[in-house]
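Here are a few exercises to work through with the model open. Try each one before you read its solution.

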Amino acid sequence: MRPGRQGFALILVLLASAAVFALATHAAVLMRSASVESRVLVRRAEVEREARSAVALLLTGLSTTEDKFAQQMEAQGAEGRRSDPGGSSGGGGDQGEEFPLPEFFRQMMPQLAEELERNAADNSASVRRSTQGGGISGKFDPKQAVGALRVTEIPSEVLELRLRENGPLYRVKATDAGSMLNVNVAKREQLEAYLRAKALTPEEASRLTSEIIDWRDADDFREPFGAERDDHRRRGVVCRNAPFETIDELRYLPSMTRERFDLLRGDLGVTGDGRVHINTASSAVLLSVPGLDAPTVARIEEARRQRPLTVEDVARLLPAGARDAVPFLRVEPGRVLRIHVEVIDDVRAEFEGMAVVSDVSGVEAVGLRRVF
């Protein structure tokens, strides 16, 4: 072979080797990326599952009071004595029946559910201690004592939970859905009063209120400064012309910016009868109630910091000129709760959702979705 051809062949071999090396390197990078992405996805799924479990713990505590424990233990103790005069029922009060966990919680965290029920079934004294601040399994500190919660006294503070050692910290908060202003039934005056209380100018409040009303009503009559079907269509948005199904639909309104939505979303909801829960509503939501002014709201907030307000308290706190507020207020808790979960970990996440609870049947339904 001539020297020129030999050199050309050598170049071809070098180019082929370089191409193979490049392909191998690219494949390695792709495999590493896929591996990292897979681990992230698995971690995200794990965080979401544990977030739901943290909510399940909170809701179980909300629907399980110390009185119920006492009643159930007393009933099972009597049953045990009837079945065995010696005091051993073989299937009585020490079998954990006094602490039924929701079925959805069993499915999400079967091992934790088994541990909770085993610890709760040790004896009646340990169960009573659990409801008095030891947490459901007796392993939580007082700030994490979900077993001590009452469905009639939903705490305003955030509860912090760790479901496993060295695991993420889950900050869970439940609020009565009545603490929110229902954008589907609130009157114009209420919406504008609330928005002004959130530091929007009167013009901004009036414009956004008109857009809310135009979105939720069935007609195509445009409110002053509002936006109807044609206005939304030009922006590539399909106007519902019906009540809001989710609070996220507020994002489609022309005047709704991301910053404004983040400012308002914690107070606004799409369910409820329009009555505001006086024990948990924010000051801005209370100011949306006809007849309530800033001094009255300040008195309400000061009084409810001492204890949950009763009907008698409301009558005492409201001045004569604020009687119009009574039909828009309630003191009893509702069955619908709003849930917020923040995950403190290397994979930061936030979840929001709703839950339906009952002081008779316990947790009835839970819905949770990731928002960050």
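**Exercise 1.** Find the loop that holds asparagine 241, and work out whether this residue is buried or exposed.

*Solution.* Start with the location: asparagine 241 sits in the loop between α8 and α9. Next, the backbone: its phi is positive, about 50°, although the residue is not a glycine. Last, the surface: asparagine 241 has 8% relative accessibility, so it counts as buried (under 20% relative accessible area, with exposed being over 50%, partly exposed in between, 1.4 Å probe, protein chains only).

A note before going on: this is a predicted model, where local features need pLDDT of at least 70, side-chain atom pairs count only at pLDDT 80 or more, and totals for chains, interfaces and linings use all residues. Numbering runs from 1 along each chain as its sequence is written, and side-chain values use heavy atoms, leaving out hydrogens and water.

**Exercise 2.** How much of α7 is covered, and what does it pack against?

*Solution.* Count first: 11 of the 15 residues of α7 are buried. Among them are Leu208, Ile212 and Trp215. Then check the partners: the buried residues of α7 pack against α6, α8 (229–234) and α9 (258–264), where contact means heavy atoms within 4.5 Å.

Methods:
Helices (H or I, at least four residues) and strands (E, at least two) are DSSP runs, numbered from the N terminus.
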